[in-house]
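Trainee: I am new to this structure. Please take me closely through one part of it.

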Amino acid sequence: MLSDIAGKPALVVETSYARTISEAGSSMVNYVIALMAAVLALAGLAILLMLNRTVVKPVAHLMQRVLEARGCAAPEPAASAGFSAAAGGKSDEIVILGNEFERTIQQLDETQKRLVEQSFYTGMAELVGGMTHNVRNALTPISIKLWHIGRALDMAHLDRMEAAVERVEAATADRQDCALAVTYLKACMEHLRTSHSTIETDIGVIGDQATQIEQIFYDHERFSRAKRQVETIDICRVVDEASKLLQNGEKIRIAVAPAVAKLPAVRGHHVVLTQVFGNLIVNAEESILASGHGAGTISINGELVRRDGVDMVELHVSDDGQGIPEDKLDRIFERGYSTRRVHSGGIGLHWCANSLAGMGGGIWAVSEGIGRGARMVVRLPARKRVYNFDTLKETA
């Protein structure tokens with residue numbers, strides 16, 4: 001703008017020119033920004049693809065296998081205490097996998113302990129299996145000798161000896177010097193007859209027990225090679241056989257309730273069940289003797305119950321002995337636990353519980369405390385009843 005003498009604008013000149021350098025710089029900046037955005041997008045896509053291939057897919061596959069192992073179709077909500085904020089409140093797979101890993105470690109630790117314990121019992125079983133045959137061979141001559149003793153007792157001919165004594169008495173009736181000898185012979189005959197009856201009874205019991213021991217060893221050898229066969233078992237017969245293990249029959253009596261005879265048969269293993277009840281009767285006997293009362297009663301009762309739609313037979317073996325503390329009612333079935341002053345291994349009730357569980361049953365203890373006795377409850381599956389409508393007869 002040009003001014004005149006008065007200072008007013010006289011001429012205005014306007015020029016324009018192209019700013020190519022600024023435009024070129026601005027376009028270059030935009031191009032670089034676009035190029036960087038494209039590179040970042042490609043890099044991000046490549047990283048996502050690599051993460052999906054190396055991390056996401058393996059984790060998803062591992063998660064699927066974990067859920068299959070747990071028996072689930074989808075992750076459970078709030079499966080752990082931790083949550084991922086990016087997951088929108090859902091369970092974090094990494095947290096679930098971490099928890100499952102910890103659980104697996106614990107299970108492996110427990111499995112290792114069980115394997116060590118099982119290896120011990122396997123070794124003991126092999127040792128017992130090796131001894132079984134020799135013990136059975138040793139029992140065979142005992143059974144034969146018992147048979148010979150019984151036969152010799154049968155051949156004693158006490159009736160003929162008594163007749164001979166009577167003939168001697170008749171022949172020496174007029175002789176006073178023989179009267180004392182005849183009286184002595186009669187006393188000897190009476191004592192011999194009483195002893196003969198007692199010996200016959202004892203030999204019968206010993207023979208039955210030897211036969212049962214042989215049967216146990218035979219079953220052990222057979223069961224070690226094959227699966228145990230489930231049998232139909234008469235409870236009364238098992239109780240009767242187990243009652244023979246009572247050693248203090250003059251102080252302790254066994255009272256079997258009439259309801260036991262009315263119970264249906266059960267399904268299980270006869271020899272094993274006899275050992276279980278024998279162990280319970282022996283424990284009840286020891287508890288009564290330990291109470292200091294000097295005498296007592298072992299009561300056996302039973303009832304038919306229905307649990308989960310299945311008929312079960314419950315047998316109650318009760319005693320009026322020293323009882324069981326409340327905090328020991330569950331521990332008495334643990335391996336190695338024993339309430340006896342002289343430690344005997346503590347495998348009796350533990351073995352009973354495992355054996356009954358193998359037969360589909362169970363066992364538990366009930367007691368009101370020290371000095372109030374105890375009751376062992378054994379539960380076994382009852383024999384199923386099948387009705388033949390053609391003959392209208394009940395069959396097993």
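Mentor: We start with a pair of packed helices, then turn to a sheet and some salt bridges.

This is a predicted model, where local features need pLDDT of at least 70, side-chain atom pairs count only at pLDDT 80 or more, and totals for chains, interfaces and linings use all residues. Residues are numbered from 1 along each chain as its sequence is written, and side-chain values use heavy atoms, with hydrogens and water left out.

Two packed helices are described by the angle between their axes and the distance between the axes. Helix 7 covers residues 270–290, and helix 8 covers residues 348–358. Helices here are DSSP runs of H or I with at least four residues, strands are runs of E with at least two, and both are numbered from the N terminus. The two helices pack at about 145°, and their axes lie 10 Å apart. Axes are lines fitted to C-alpha atoms, for helices over the stretch in contact, and angles run from 0 to 180 degrees between N-to-C directions. The crossing is left-handed, meaning that the near helix is turned anticlockwise from the far one by less than a right angle.

Helix 7 brings V272, L273, Q275, V276, N279, L280 and N283 to the contact. Helix 8 brings G348, L349, W351, C352, S355 and L356. Contact means heavy atoms within 4.5 Å. By class, there are 8 nonpolar, 5 polar and no charged residues. Ala, Val, Leu, Ile, Met, Phe, Trp, Tyr, Cys and Pro count as nonpolar, Asp, Glu, Lys and Arg as charged, and the others, Gly among them, as polar.

Strands pair if DSSP finds at least two bridges between them. Strand 7 (residues 310–319) and strand 9 (residues 374–381) run antiparallel, joined by 8 bridges.

Last, the salt bridges. The whole structure has 5, each a side-chain nitrogen of Lys or Arg within 4 Å of a carboxyl oxygen of Asp or Glu. Among them, R237 meets E241 at 3.2 Å, N to O. Both sit in helix 5 (residues 235–243), 4 residues apart, about one turn of the helix. Another joins R306 and D311, with the closest N and O atoms 2.6 Å apart. R306 counts as exposed at 52% relative accessibility, while D311 is partly exposed at 35%. Buried means under 20% relative accessible area, exposed over 50%, and partly exposed in between, with a 1.4 Å probe and protein chains only.
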